[in-house]
Amino acid sequence: MNQLFTILLVFHIAGGGAGLITGTIAASAKKGGALHRKAGVIFFWGMLLASLSALLMSWLPDHENLFLFAVGGFTLYMILSGYRIVLLKRYFKNAAGRFPVTDYLITIFGGSFAAFLVVQSIKGLSGGNTFSIVPGVFGIICASYVLHDIKLFLGRTSIKVSWMYNHIVRMMGAMIASYTAFLVVNVQIDMQWILWLLPTVIGSILIAFFIRKYVVSVKN
């Protein structure tokens, strides 16, 4: 079992490292440009590898880790839905009809995962474990995007109107979660709470900037 954990850890580090580097490049590059697209594809596959390996590692005997599970599942849902929204934009541009089954499955995963995290958070907090607020936060954020998916399925909003916003927020959300996990695991300081908040603060500022620059400008 330890050998399996080591193999998964290697995949996790490789995927996470590639994802964080290329994700930063994609966020910094001109949106829609060749560098952004190429770096974004590598970011997607790197984060996919990192999140799947994190989910598996977090359930191995003697290695159970709710934080790793929360970050892994959250990242997986965000990158899948954030990447799919771009594909759906192209899909509905050339064809009209129902959403592919893949998108329903991603949303079902996101909803199930969100519910599980909220339940685990409530159980932990009721037992006096203040750290349990972390999976609860991930679960609530995840649930908010699942609700938006449902609105898309029901036709209450459209891909054309919301794809850019959702792509930016979900991909950047995955980046924030990944940077947070990286800092918390690898950096030790007296005021550890700073490492929990810093990626969110910086990431939120960047998200607001990108939305103002690309989403608002498109609407105008």
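In this predicted model, the axes of helix H1 (residues 2-28) and helix H2 (residues 34-57) come within 7 Å of each other. The two axes cross at roughly 150°. Angles over 145 degrees count as roughly antiparallel, so H1 is roughly antiparallel to H2. The crossing of H1 past H2 is left-handed. The contact of H1 with H2 is made by 17 nonpolar and 10 polar residues. No charged residues take part in this contact.

H1 also packs against helix H6 (residues 159-186). Here the angle is about 135°, and the axes lie 11 Å apart. That angle makes H1 oblique to H6. H1 passes H6 in a left-handed crossing. H2 meets H6 as well: their axes come within 12 Å. The crossing angle of H2 and H6 is roughly 50°. H2 and H6 are therefore oblique to each other. Their crossing, too, is left-handed.

The structure holds one cavity of 30 Å³ or more. The largest cavity contains about 100 Å³ of space. Its lining includes Ser 81, Arg 84, Ile 85 and Leu 88. Asp 103, Ile 106 and Thr 107 also line the largest cavity. H3 gives the most, with four residues. By class, the lining of the largest cavity has five nonpolar, two polar and four charged residues.

Salt bridges were examined next. Side chains of opposite charge can pair when their charged atoms come close. The structure holds two salt bridges. One of them joins Arg 84 to Asp 103. The closest N and O atoms of this pair are 2.8 Å apart. A salt bridge requires a side-chain nitrogen of Lys or Arg within 4 Å of a carboxyl oxygen of Asp or Glu, so the Arg 84 and Asp 103 pair qualifies. The pair links distant parts of the chain. Arg 84 sits in helix H3 and Asp 103 in helix H4. The two residues are 19 residues apart.

Notes
Residues are numbered from 1 along each chain as its sequence is written. This is a predicted model: local features need pLDDT of at least 70, side-chain atom pairs count only at pLDDT 80 or more; totals for chains, interfaces and linings use all residues. Side-chain values use heavy atoms; hydrogens and water are left out. Axes are lines fitted to C-alpha atoms, for helices over the stretch in contact, and angles run from 0 to 180 degrees between N-to-C directions. Angles under 35 degrees count as roughly parallel, over 145 as roughly antiparallel, 65 to 115 as roughly perpendicular and the rest as oblique. A crossing is left-handed if the near helix is turned anticlockwise from the far one by less than a right angle, and right-handed if clockwise. Ala, Val, Leu, Ile, Met, Phe, Trp, Tyr, Cys and Pro count as nonpolar, Asp, Glu, Lys and Arg as charged, and the others, Gly among them, as polar. On a 1 Å grid over the protein atoms alone, a cavity is a set of points where a 1.4 Å probe fits but cannot get out, and a pocket is an open set with protein on both sides within 12 Å along at least five of seven lines; lining residues have an atom within 4 Å of a point. Grid points are joined across faces, edges and corners, and a volume is the space filled by probe spheres set on the points.
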